[in-house]
Amino acid sequence: MKTDSKILILGSGGLLGSAIHRQLLKKGYTNILTPRSKELNLLEKDQIENYLKIEKPEFVFMIAGLVGGIQGNNKRPADFLYQNSIMILNVIEAIKNNCPKAKLLYPGSTCIYPKENPQPINEDRFMAGKLEETNKGYAVAKGVGVTACQLYKKQYGIDAISVMPTNLYGFNDNYDIENGHMLPGLIKKILLAKNNGDRQITLWGTGTPRREALYSEDCADAIIYLMNNYSSDQMINIGTGFDYSIKEIAEIIKTEVGWSGEIKWDLSKPDGTFEKRTDIQRLKKIYPEFNPITLKEGVNKIINDKEQLKRILS
Ligand code: GFB
């Protein structure tokens, strides 16, 4: 990408899309389109066809999607399947029809790998086994997107790449406790307990499953690097290569927030996949300088930012 290349971010209001936007601006890119879903509904094929016919971007970050944590996924599996499949198919078909020279970057997710895997998980595990039930709809839809990138490249020569980000957190996260992800959920519950003077919070499951925690701007940095330096049909993991138990994550957040109360575990809530640690050798080979910040540093960035604090506590 040149600094004045025409770049389109779909999903620029969310956790990862907004991080990509901030990182692009920081790196000096000046010609960035960030339409929101109100002006461009990706479920409507005509809308994305017309938009690309007029704008003809050179680079497209397709980050938009219906996302949620374990419970959000579990409650609305059909919506997650339908919306995420239709959106990426509409976008890639419209690129083929209107700006076939544009390069497309599409994120899958490590939760689309099978439920059981040798750890760490390398990219060849895609479609290699049974999926985790709690996010089957999302996983199948994301698998459609990753496969679409490969097949549109094969049949139509579209320069489409896909990446597999691990569990993310950062600015502009979704802090909906019921339907959001674990990392923002834990940050919110612990901050609220501190603010309200509560001595106990309830987290879900057993606390033993293991998760990585990648700061959204580090993921965005890797994504921009790959847009500039990678063009294979092989997907590529973006993670830290290191995971913690959920209990350990909660302890780190407790320490950084400065709250020392007790955690109760609600065993009626699902644990989900036990472990999904990423093998990041492929990424490190292409981008050896990739060096994400620690969870402790990331949590501090969030809780020391007035605007984010307001967003979390409102
Ligand atoms: O981030 P999360 O909701 O989804 O994490 P996944 C779920 C894990 O955290 C389970 C535990 O083991 C939960 O029992 N947990 C503990 C909590 N307390 C909480 C809490 O307060 N809120 C939440 N949400 N979880 C996701 C997929 O799987 O992986 C998404 O559902 C996405 O689609 C993401 O792709 C990367 O990590 O299990």
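Which strands does helix α1 lie across? In this predicted model, helix α1, made of residues 15-26, lies across β1 (7-10), β2 and β3 (59-62). Its direction makes an angle of about 155° with β1.

An open sheet is formed by 6 strands, and the order to follow is β2-β1-β3-β4-β5-β10. The pairing in this sheet is parallel. At the edges you will find β2 (32-33) and β10 (236-238), each of which pairs on one side only. For a look inside the sheet, take strand β4, residues 103-107, and strand β5, residues 159-165: these two pair in the parallel sense over 5 bridges.

Now let us turn to a pair of helices. Helix α2 (residues 45-55) packs against helix α4 (residues 77-98) at an angle of about 40°, and their axes are 9 Å apart. The crossing of α2 and α4 is right-handed. On the α2 side, the residues that take part are K45, I48, E49, L52 and K53, and they meet N90, V91, E93, A94, I95, N97 and N98 in α4. Sorted by class, this contact of α2 with α4 holds 5 nonpolar, 3 polar and 4 charged residues.

Most residues other than glycine have a negative phi, and most peptide bonds are trans. K56, in the loop between α2 and β3, has a positive phi, near 40°, although K56 is not a glycine. The peptide bond from Q119 to P120 is cis, with omega near -5°. P120 itself sits in the loop between β4 and α5 (136-156).

Next comes the ligand. There are 23 residues around the ligand, and those that come nearest are C111, K189, R211, P270 and D271. Some polar distances can be read off here. One oxygen atom of the ligand is 2.5 Å from a polar backbone atom of D271. An oxygen atom of the ligand is also 2.9 Å from an N or O atom in the side chain of K276. A ligand nitrogen atom, in turn, is 3.0 Å from a polar backbone atom of W204.

Definitions and conventions. Residues numbered from 1 in each chain as written. Predicted model: local features only at pLDDT ≥ 70, side-chain atom pairs only at ≥ 80, totals over all residues. Heavy atoms only, no water. Pairing = 2+ DSSP bridges. Helix = DSSP H or I, 4+ residues; strand = E, 2+ residues; numbered from the N terminus. Contact = heavy atoms within 4.5 Å. Axes fitted to C-alpha atoms, helices over the stretch in contact; angles between N-to-C directions. Left-handed = near helix turned anticlockwise from the far one by under 90°. Nonpolar A, V, L, I, M, F, W, Y, C, P; charged D, E, K, R; others polar. Near = heavy atom within 4 Å. Polar contact = N/O pair within 3.5 Å; in protein donor to acceptor, adjacent residues only side chain to side chain.
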